[in-house]
Amino acid sequence: MTINLNSLNKSYGKKPVLFDINLEIPTGSFTMLKGVSGSGKSTLLSIIGGIEPMTGGQVMIDNQDVSKLKGKARADFYRHKIGFIFQGFYLQPQLTIVENIALMGIFAGMPKKEREARAKELAEKLGISEVLGNLPAEVSGGQAERACAARAMFMHPEIILADEPTNNLDPENAKNVIEMLKQIQQETGATMIVASHDPLVEKYATQIVNIREGRVNTTSADESKDAQEGE
């Protein structure tokens, strides 16, 4: 599912954050939005995911102008087409891991047995079956990140967005999570977009979008590696 951003701008009040962004993210790619804190990468990710409104421009997903979607059509589109792995896990603390994973099924009106079966299937796939009955405070950071990934995958989305997925993890868990995201992308064919400043993510990306002070330039992973080797 190809994503095209056309002359996209974003401001908070009088403060501009993103400037005239034109970008194509190919179907099935593993795209890294790369930039330091405050560069605008998380804002751009949130606009693609329908969480943040843009100030101007256009977001086209699979040749559809998503900014024109309203009400139920908009909710259904983002619920079924896009999965979001939020920064800082963002699990509901009062719910067990299995209940957190199944939340999207509740919003979609899925029967309880079907929700539970899908949650258990994903938990087994991502190696967290043993903590399904635990609360988020009772699991490790790596397990929490996997639970977030399972929740994002719940509705079989064609696009998965991850905001700084390695931020709160030690190096070993960070590597495991990025390898997991790459495996998900390869096995499902989903378009994976990761906002991060972590060099580890760059090793797995097929497309790297450099964001600096709200502006972008794009390189392929091979071009980025060649540039690093030449330094």
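This is a predicted model: local features need pLDDT of at least 70, side-chain atom pairs count only at pLDDT 80 or more; totals for chains, interfaces and linings use all residues.
Student: OK, so how many residues of strand 8 are buried?
Tutor: Six of the six residues in strand 8, which spans residues 191–196, are buried, and the strand is accordingly described as mostly covered.

Student: And which residues sit on which side of it?
Tutor: Thr191, Ile193 and Ala195 are on one side of strand 8, while Met192, Val194 and Ser196 are on the other, and both faces are covered.

Student: Which way does strand 3 run relative to strand 8, parallel or antiparallel?
Tutor: Strand 3, residues 30–34, runs parallel to strand 8, and five bridges join the two; within this pairing, Lys34 stands opposite Ser196.

Student: What about strand 7, how many bridges does that pairing have?
Tutor: The pairing of strand 7, residues 159–163, with strand 8 has five bridges and is also in the parallel sense, and Ile160 has Met192 of strand 8 as its bridge partner.

Student: Which helix goes with strand 7 and strand 8 in the β-α-β unit?
Tutor: That is helix 7, residues 171–188, which together with strand 7 and strand 8 makes a β-α-β unit that is right-handed.

Student: Switching to helix packing, at what angle do helix 6 and helix 7 cross?
Tutor: The axes of helix 6, residues 141–153, and helix 7 cross at roughly 15° and come within 10 Å of each other. Angles under 35 degrees count as roughly parallel, so helix 6 is roughly parallel to helix 7.

Student: Is that crossing left-handed or right-handed?
Tutor: The crossing of helix 6 and helix 7 is right-handed.

Student: Which residues meet there?
Tutor: On the helix 6 side they are Gly142, Glu145, Arg146, Ala149 and Met153, and these meet Asn173, Asn176, Val177, Met180 and Ile184 in helix 7.

Student: Where is Asn63, and what is its phi?
Tutor: Asn63 lies in the loop between strand 4 (56–61) and strand 5 (64–65), and its phi is positive, about 65°, although Asn63 is not a glycine either.

Student: Is Asn63 buried or exposed?
Tutor: Asn63 counts as exposed, because its relative accessibility is 70% and the cut-off for exposed is over 50%.

Terms used. Residues are numbered from 1 along each chain as its sequence is written. Side-chain values use heavy atoms; hydrogens and water are left out. Buried means under 20% relative accessible area, exposed over 50%, partly exposed in between (1.4 Å probe, protein chains only). Helices (H or I, at least four residues) and strands (E, at least two) are DSSP runs, numbered from the N terminus. Two strands pair if DSSP finds at least two bridges between them. A crossover is right-handed if, with the strands pointing away from the viewer, the path from the first strand over the helix to the second runs clockwise. Axes are lines fitted to C-alpha atoms, for helices over the stretch in contact, and angles run from 0 to 180 degrees between N-to-C directions. Angles under 35 degrees count as roughly parallel, over 145 as roughly antiparallel, 65 to 115 as roughly perpendicular and the rest as oblique. A crossing is left-handed if the near helix is turned anticlockwise from the far one by less than a right angle, and right-handed if clockwise. Contact means heavy atoms within 4.5 Å.
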